[in-house]
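User: I would like to learn how to read the packing and the sheet in a model like this one. Where should we begin?

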Amino acid sequence: MSIFPTKIVLATDGSREAKLAAATAADLAKSTGSELHVLYVGEALNPYAEEVGLAGAEAGDFERQARDLLEAEAERVRAAGAALAQAYLSRGKVDHEVVTLAEEIGAGLVVLGSRGRGGIRRALMGSVSDSVVRHSHCPVLVVRDGAGALPPRSS
């Protein structure tokens, strides 16, 4: 039995952090021979919709644009040399949909980008990545941009 996951779920929202997560997931899937499943979840009130070009879209436009975003992410994964098992478009609460898909397909790893939220908003609402980490049945890899990270301490 391998210690590597046989199925990896990549949750994406089209952000820069999600693109970094896609590159990481593609590399992991390719190097371990794992299946890669890509998921985009549309939320009625997605706080990042404007950033990824989905703000102000009507229902039909939203679905078309969400499918385009999902296909672009799937193509990015293929271009990185990973075998894409399936791409999923879902609607609902992002953290719930990610955890549910991972459970349904028996994923061994979930990969997603980290999104920074400031002070009070994060304290009140938490974050998608925090919730997925808390509720997932399998390990979760949260990929950070690294910009703004503290420099290493000198001895």
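Analyst: Begin with burial: a residue counts as buried when its relative accessible area is under 20%. The model here is predicted. Buried residues make up 42% of the 155 residues in the protein.

User: Which residues of α3 are buried?

Analyst: In α3, the buried residues are Val94, Asp95, Glu97, Val98, Val99, Leu101, Ala102 and Ile105. They pack against β1 (7-12), β2 (35-42), β3 (84-91), β4 (109-113) and α5 (128-135).

User: What span should helix α3 have at 1.5 Å a residue?

Analyst: The expected span is 1.5 Å times one less than the number of residues. Helix α3 has twelve residues (94-105), so it should span 16 Å; its end C-alpha atoms are 17 Å apart, which agrees. Just after α3, glycine 106 takes a positive phi of about 70°.

User: How do I read the sheet?

Analyst: Strands of a sheet pair through backbone hydrogen bonds, either parallel or antiparallel. Here five strands form an open sheet, ordered β3-β2-β1-β4-β5, with parallel pairing. Because β3 and β5 (140-143) are at the edges with a single partner strand each, one side of each has no neighbour in the sheet. On average, neighbouring strands are turned by 20° against each other, direction ignored.

User: How many bridges join β2 and β3?

Analyst: β2 and β3 pair in the parallel sense over seven bridges. For tyrosine 40, the bridge partner in β3 is leucine 89.

User: Which strands do α3 and α5 touch?

Analyst: α3 packs on the sheet and touches β1, β2, β3 and β4, its direction making about 150° with that of β2. α5 also packs on the sheet, touching β4 and β5; its direction makes about 170° with that of β4.

Conventions. Residues are numbered from 1 along each chain as its sequence is written. This is a predicted model: local features need pLDDT of at least 70, side-chain atom pairs count only at pLDDT 80 or more; totals for chains, interfaces and linings use all residues. Side-chain values use heavy atoms; hydrogens and water are left out. Helices (H or I, at least four residues) and strands (E, at least two) are DSSP runs, numbered from the N terminus. Buried means under 20% relative accessible area, exposed over 50%, partly exposed in between (1.4 Å probe, protein chains only). Contact means heavy atoms within 4.5 Å. Two strands pair if DSSP finds at least two bridges between them. Axes are lines fitted to C-alpha atoms, for helices over the stretch in contact, and angles run from 0 to 180 degrees between N-to-C directions.
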